[in-house]
Amino acid sequence: MAKTLIAYYSRRGENYVNGSIRELKLSNTEVVAAKIKALLPDADVYQIDTTYEYSKSYMTCIEEAKKELHDQARPELKNPLPSIAGYDTIILGYPNWWGTMPMVCYTFLESYDFSGKRIIPFCTNEGSGMGSSERFIKKLCPDATVLAGTSIHGAEAANADGEARMIADMAS
């Protein structure tokens, strides 16, 4: 029987939402991941996180993210999974940071063997779509099948039931 992993990176706190900075108790990507989990109760969930804590200030955090991208940093995973061997499908969620995934998602993708697996990406953003993230996922996981990503407007994450259903259906 096929097994699905919902792996996502998300940052709570100050975020950019519809043109202004707001404090989010649950981050946009986290909200969508929970919606997908509700539709796929047998799926496992793994929150991708770093050992480094980004600034609580949105403006400072985006500068930290910009520097990581410039440096092609690979932030260390906090609580890495021992293996993904038991999963056939990985739903990968993340916010769009500077036109791609947060660099810790690169660390995640480089830390495991995705050969023969299906990767279903979704990205929350405030208008920049998937950016170049799909291209990089395909480059980092050349022996995986990477499905077309789903772009979700972050400010609409709480209402993204249709998008969550579409992602869950792709995983089924």
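**View 1: Around the largest cavity, the lining residues divide into six nonpolar, one polar and one charged**. In these classes, Ala, Val, Leu, Ile, Met, Phe, Trp, Tyr, Cys and Pro count as nonpolar, Asp, Glu, Lys and Arg as charged, and the others, Gly among them, as polar. This is a predicted model, in which local features need pLDDT of at least 70 and side-chain atom pairs count only at pLDDT 80 or more, whereas totals for chains, interfaces and linings use all residues. Residues are numbered from 1 along each chain as its sequence is written, and side-chain values use heavy atoms, with hydrogens and water left out. The cavity (on a 1 Å grid over the protein atoms alone, a set of points where a 1.4 Å probe fits but cannot get out, its lining residues having an atom within 4 Å of a point) has a volume of about 30 Å³, taken as the space filled by probe spheres set on grid points joined across faces, edges and corners.

**View 2: The largest pocket holds about 400 Å³ of space**. Asn15, Tyr58, Pro95, Asn96 and Trp97 are the closest to its centre among the 22 residues that line this pocket (an open set of points with protein on both sides within 12 Å along at least five of seven lines). At least two lining residues each are supplied by β2 (13-17), α1 (28-39), α2 and β6, these elements being DSSP runs numbered from the N terminus (helices H or I, at least four residues; strands E, at least two). The largest share, four residues, comes from α2, and by class the lining of the largest pocket has eight nonpolar, 12 polar and two charged residues.

**View 3: In the largest nonpolar core, which has 31 residues, Ile48, Leu92, Phe108 and Phe114 touch the most other members**. Two or more core residues are given by each of β1 (4-9), β4 (44-48), α2 (58-71), β5 (89-95), α3 (103-110) and β6 (118-125), and the largest share, six residues, comes from α3. A second, separate core of 17 residues includes Ile6, Val32, Ala43 and Ala164. Such a core joins buried Ala, Val, Leu, Ile, Met, Phe, Trp, Tyr and Cys residues through side-chain atoms within 4.5 Å. Apart from its neighbours within four places in sequence, Ile48 is in contact (heavy atoms within 4.5 Å) with Ala7, Tyr8, Tyr9, Leu77, Leu92, Val104, Cys105 and Phe108.

**View 4: β2 and β3 form a hairpin with two residues between them**. The strands β2 and β3 (residues 20-24) pair (at least two DSSP bridges) in the antiparallel sense over five bridges, and Tyr16 stands opposite Ile21 in β3. In the turn, Asn18 has a positive phi of about 50°, and Asn18 is exposed, with a relative accessible area of 52% (buried is under 20%, exposed over 50% and partly exposed in between, for a 1.4 Å probe and protein chains only).

**View 5: Glutamine 72 lies in the loop between α2 and β5**. Phi of Gln72 is near 50°, a positive value in a residue other than glycine, and Gln72 is partly exposed, with a relative accessible area of 44%.
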